[in-house]
Amino acid sequence: MRFLILILFLPGFGFSQKPDDSMRMNDIRILASHNSYKKQPHKNVLKFLKKFQDKLGDQNNPDYIDYGHLLFSEQFDKYGIRGLELDVNYDPHGGHYKRRRVNLFICGQRQRVKGGGLKNPGFKLLHIADVDFETNYLTLKLALQEIKAWSNQHPGHIPIYINIEAKGSHPADESKALKRLGFKKCIPFDTQAYHLLEKEISEVFGSNTLYCPSDFRQGHQSLRARIDSVGWPLLKDVSGKVIFILEGNNHHLYKSFSNSIMFYYGVEKDSNTIFLLRNNAVGQLGEIQRLSKLYMVRTRTDAGTIESRENNYSVWNAAIKSEAQILSTDYYRHDARWSTYQVGFKNGLYLKTKAP
């Protein structure tokens, strides 16, 4: 029999049992937060956007961004989160994201953000430039430093999976009118950007903390060849580690890097793909069940505040049934404005057995 452990928490509960170190890396199922750095938009911004909802279209419904998250350390400690998602924006010269242009139209709202390293070159964390920009961490480096500090304080922790989304588009990329109003276009990721991204990650996390593709490969020709030869790594090999997985703008450029420090979300036919994105747990249920036996699959349990507003657990139930290993949510705690919708397990540890 094969054991799957889903490490999910609700407030006030801890581990009911400890995973066995001889378990495999792909047997561990974790709860991840979605857009983990994001703070709830200011109420005046949401009110302003709602006035133009009919012109924004269904894909840009302001309701979809009306959520926010706690600091990473609180997510880790109080809710057992072991996966994060970071939207990384390239800013090679600095200052590209120092203004909040939607505030131009809202009385009393500041357009310019002072301090926090926004003037300096480096990677910035925000969801949608000039629109959905409230964040617990203005820069990627600040976010990484908090993760590293928590990891240092909790040696031997279940591996933390960090989903890096390289942003490739903002409203000004879609609208010339917004660009003329001062909204900022997204700066595309190129090879140099990915080298700088690796450098920024490496400056915070040393080799003792990072778990890289070379650690997984162990001299085999590819990641899949290692799995076919000796199987997935044991939990003891990845405990206390941080694992980065890349997706997003021009991420195909990164695939050619030698000695890369990040894995990437790819396709089945790629021999160096071990992580897959399948975010539709309901519509892709059978496919995810099949793929989770061979890969580590990330899926979502809710999206756009819809499940919270409707108190609807159907997607969560499908995600559990899918056997995906990384379950991403905005609701490890409930939003009392809408409902009691909150995902997790009261005993902090869900143990499920299934046939190999």
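Start with two helices: α4 passes α7 in a right-handed crossing, meaning that the near helix is turned clockwise from the far one by less than a right angle. This is a predicted model, where local features need pLDDT of at least 70, side-chain atom pairs count only at pLDDT 80 or more, and totals for chains, interfaces and linings use all residues. Residues are numbered from 1 along each chain as its sequence is written, and side-chain values use heavy atoms, with hydrogens and water left out. As for the labels, helices (H or I, at least four residues) and strands (E, at least two) are DSSP runs numbered from the N terminus.

Back to that crossing. Two packed helices are described by the angle between their axes and the distance between the axes. Here α4 (residues 140–153) and α7 pack at about 35 degrees, with axes 9 Å apart. The axes are lines fitted to C-alpha atoms, for helices over the stretch in contact, and angles run from 0 to 180 degrees between N-to-C directions. On the α4 side you'll find Leu140, Lys141, Leu144, Gln145 and Lys148, which meet Leu197, Glu200, Ile201, Glu203 and Val204 of α7; contact means heavy atoms within 4.5 Å. By class, this contact has five nonpolar, one polar and four charged residues. For those classes, Ala, Val, Leu, Ile, Met, Phe, Trp, Tyr, Cys and Pro count as nonpolar, Asp, Glu, Lys and Arg as charged, and the others, Gly among them, as polar.

Stay with Glu203 for a moment. Its side chain meets that of Lys199 in a salt bridge at 2.5 Å, N to O. The term needs a side-chain nitrogen of Lys or Arg within 4 Å of a carboxyl oxygen of Asp or Glu. Both residues sit in α7 (residues 191–204), four residues apart, or about one turn of the helix. Glu203 is partly exposed at 46% relative accessible area, and Lys199 is partly exposed too, at 48%. (Buried means under 20% relative accessible area, exposed over 50%, and partly exposed in between, with a 1.4 Å probe and protein chains only.)

Side chains of opposite charge can pair when their charged atoms come close. Across the whole structure, a search finds 15 salt bridges. One of them joins Arg309 and Asp66 at 3.8 Å, N to O. That pair links distant parts of the chain, 243 residues apart: Arg309 is in helix α12 (residues 306–310), while Asp66 is in the loop between α2 (53–56) and α3 (72–79). Arg309 is partly exposed at 29%, whereas Asp66 is buried at 7%.

Then there's Arg278 with Glu268, a salt bridge at 3.9 Å, N to O. Arg278 lies in the loop between β8 (275–277) and α11 (285–291), and Glu268 in the loop between β7 (263–264) and β8. Arg278 is buried at 14%, but Glu268 is partly exposed at 33%. Elsewhere, salt bridges that share partners join Lys50, Asp63, Asp66, Arg309, Asp335 and Arg337 into one network.

Now look at the loop between α2 and α3 again, where His69 has its place. His69 is buried, with 5% relative accessibility. Its side chain reaches the backbone oxygen of His34 at 2.6 Å. Not counting residues up to four places away in sequence, the residues that His69 touches include Ser33, Asn136, Tyr332 and Arg333. His69 and Arg333 are 264 residues apart in sequence, yet 9.3 Å apart in space, C-alpha to C-alpha.

Key: Polar contact = N/O pair within 3.5 Å; in protein donor to acceptor, adjacent residues only side chain to side chain.
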